[in-house]
Structures are given as structure tokens and as C-alpha cells.
Amino acid sequence: MVSVGYFLSSEEFSPRELVRQARLAESAGFERLWISDHFHPWLDEQGNSPFVWSVIGALSEVTSLPISTAVTCPIIRMHPAVVAHAAATAGVQCEGRFVLGVGTGEALNEHVTGEQWPPPAVRLEMLEEAIDVIRQLHTGKEVNHRGRYYTVDHARLYTLPDEPVPIYVSAFGPAATDLAARVGDGFCTVMPDADLVREFRKGGGDKPVQGGLKVCWAESEEDGVRTAHHRWRNELLPGKLPSTLPTPADYAAAASLVTEDMVREQFPCGPDADRHVAAVREFAEAGFDEVYVQQIGPDQDAFFEAWRTQVLPRL
């Protein structure tokens with residue numbers, strides 16, 4: 001059995017709308033929540049990017065569902081001590097139902113402080129040290145850390161959940177998957193890649209695996225494809241390119257090469273419940289424990305009603 005959650009898109013929606021969607025998700029039968037952590041949207045057409053930690057505080061008051069960040073980058077824009085503070089408070093607000101998802105990030109969000117954007121291998125080293133700093137602080141003890149990338153000076157967190165916040169590591173390739181297996185409490189990715197799951201479980205054992213996918217429920221396939229192409233054509237950019245472009249304008253330029261037919265192949269679009277069910281089952285068959293579904297575009301109410309009646313009962 002796979003647990004199906006809803007993926008709240010901070011890039012597309014305002015804080016109050018995200019809170020509304022969380023209520024709808026719980027009422028529709030979704031079992032948990034992902035929420036993205038961005039400074040910028042990928043494209044101007046997406047149009048939002050609220051501060052995720054404020055939104056999580058609001059979510060904790062309106063839903064009893066577990067919440068994970070998907071994902072927070074604790075290496076440049078925010079010092080890991082600050083992330084540790086935010087995550088500990090979220091853990092208290094959510095009464096232990098909070099997971100800190102972390103990854104090596106994108107230049108899109110991290111360049112804003114003017115720091116140099118490091119290569120992937122360096123970012124992985126930074127992430128490993130950042131996770132260590134966060135875990136030290138989540139013990140509630142005073143921390144003094146002099147590492148290769150970070151310094152923590154006589155820091156102690158006083159507001160802590162009963163148990164340390166679990167830290168799941170995002171990965172898309174072998175090196176990051178190895179890190180996730182070694183130091184993560186779980187693993188998250190956005191591809192139904194059975195090989196990655198096997199590689200993670202080989203080194204990480206029986207830890208939770210989370211996956212995310214995007215769909216666009218609409219009155220017709222054509223309507224869904226148009227909406228998905230307009231809002232999320234950036235999702236089809238290849239290789240390492242998505243982690244290196246610094247602004248939404250750069251993403252728009254690169255994504256001008258993405259066609260509607262490419263989007264049609266990538267995302268389940270339209271009102272065919274079978275295709276939406278099949279997309280979730282692909283993750284389940286690849287060994288995922290949790291799958292988070294994001295509805296692209298503004299027609300959230302129709303999506304939740306359709307999934308409540310036509311999709312979730314089959315999963």
C-alpha cells in the first residue's frame with residue numbers, strides 16, 4: 001500500500017490559498033502534505049513564493065496531516081543553525097508530525113545573498129555538514145561547531161519537539177542517493193525510479209521513501225496540457241540545468257524549447273481517472289512508501305472533488 005499525499009506548491013499559490021488547499025486535501029482523503037520551499041518561483045507565470053516557515057505555522061492550526069518540506073536547502077541562503085531553529089519550531093507546532101526534507105538546492109533560490117554557487121560535489125559536502133549541525137542543535141545541548149563550511153558559536157535551541165525532527169534527503173543521482181542512505185532518515189525524489197530506490201535501500205535499509213508527481217486535472221486533455229505547459233514547462237528541462245539557472249527569466253528562456261507535446265507525455269492531463277491512477281501506481285511499483293500529488297493550475301476544487309470520488313478510492 002502506498003500513502004497518497006498532496007503537494008502544496010509555494011511557487012503557484014499565496015499563503016492563504018495554500019492553507020485552504022490543505023483543508024481541502026484532508027477532506028478529500030489525502031493522508032499527508034508536502035510543501036515546497038522557494039525564494040523565487042521557477043517561472044513568472046507561477047506567480048508566488050511565500051516564506052514556507054510562516055505557512056507551515058498556519059497549516060499546523062488547520063490540519064492534522066503530517067507535513068514535509070520538499071525540499072529545504074540549508075546550505076547558503078539560510079545557515080543550518082537557522083534551519084534547525086525553524087524546523088524545531090515546526091516540529092512543536094505540528095505536534096511531532098513534521099519532516100524536514102533537505103537537498104542541495106538551486107541557484108534560483110540560493111544566489112540571492114550574493115554567495116558563489118558551488119559545484120554539485122561541494123554542495124553535497126555542505127549538505128552533509130549542515131545536516132550534522134541541525135542534528136546537534138536538535139539535541140537541545142549548547143553547540144560549538146567549527147567545520148569546513150559552517151561555524152556555530154554557543155548556540156542552543158530551547159523550543160524543541162519531544163523527538164528530533166526526522167531529516168529526509170532529496171536525491172536525483174547516485175552520489176546524492178548514497179548521501180541520503182548514509183545520513184538521511186528517509187529519501188525523497190520526483191521520479192518513479194526503481195533503481196534509485198533500490199540503491200537507497202541497499203545503503204539505508206528500510207527507511208521511508210517519498211516521491212512527488214504533478215498532474216493537471218481539467219475538463220479536457222487539451223485544457224490540461226495548455227495549463228501545464230503555461231505554468232510548469234520548466235519541469236522538462238534536462239540534466240543539471242535546473243539547478244544552475246539563476247532567475248525565472250532564465251528558466252523561461254530555456255523552457256521556450258519545451259513543447260506542449262512534451263508536456264502531454266510528462267504529466268497526466270485531463271479528466272481520465274485511469275491515467276491519474278496509473279501515475280501513482282508507477283511510484284508504488286517502484287517501491288515508494290509515500291506519493292505526493294500536485295495539481296497544476298487554479299482549478300483546485302475540481303481536482304479535489306475528482307480525486308476524492310474517482311481516484312483515491314482506487315488507490
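Okay, let's start with helix H1, residues 15-28, and helix H13, residues 300-311: they pack at an angle of about 15 degrees, with their axes 9 Å apart. Helices here are DSSP runs of H or I with at least four residues, strands are E runs of at least two, and both are numbered from the N terminus. The axes are lines fitted to C-alpha atoms, for helices over the stretch in contact, and angles go from 0 to 180 degrees between N-to-C directions. So H1 is roughly parallel to H13 (angles under 35 degrees count as roughly parallel, over 145 as roughly antiparallel, 65 to 115 as roughly perpendicular, and the rest as oblique).

A quick word on the model. It's a predicted one, where local features need pLDDT of at least 70 and side-chain atom pairs count only at pLDDT 80 or more, while totals for chains, interfaces and linings use all residues. Residues are numbered from 1 along each chain as its sequence is written, and side-chain values use heavy atoms, with hydrogens and water left out.

Which residues make the contact? From H1 we have Glu-17, Arg-20, Gln-21, Leu-24, Ala-25, Ser-27 and Ala-28, and from H13 Gln-300, Asp-301, Phe-304 and Arg-308; contact means heavy atoms within 4.5 Å.

Next up, Arg-77. You'll find Arg-77 in the loop between strand E3 (67-69) and helix H3 (80-93). Buried or exposed, this Arg-77? Arg-77 is at 14% relative accessibility, so it counts as buried (buried is under 20% relative accessible area, exposed over 50%, partly exposed in between, with a 1.4 Å probe and protein chains only). Leaving aside neighbours within four places in sequence, Arg-77 touches Asp-37, Phe-39, Asn-109, Glu-110, Val-112 and Thr-113 by that contact rule.

That E3 to H3 loop also holds Val-71, and a cis peptide bond joins Ala-70 and Val-71, with omega about -10 degrees. For background, most peptide bonds are trans, and most residues other than glycine have a negative phi.

Which brings me to backbone angles. Glu-95, in the loop between H3 and strand E4 (98-102), has a positive phi, near 55 degrees, and isn't glycine. Glu-95 is exposed, with a relative accessible area of 65%. Then there's His-154, found in strand E6, residues 151-155. Phi of His-154 is positive too, near 45 degrees, again in a residue other than glycine. And His-154 is exposed, at a relative accessible area of 52%.
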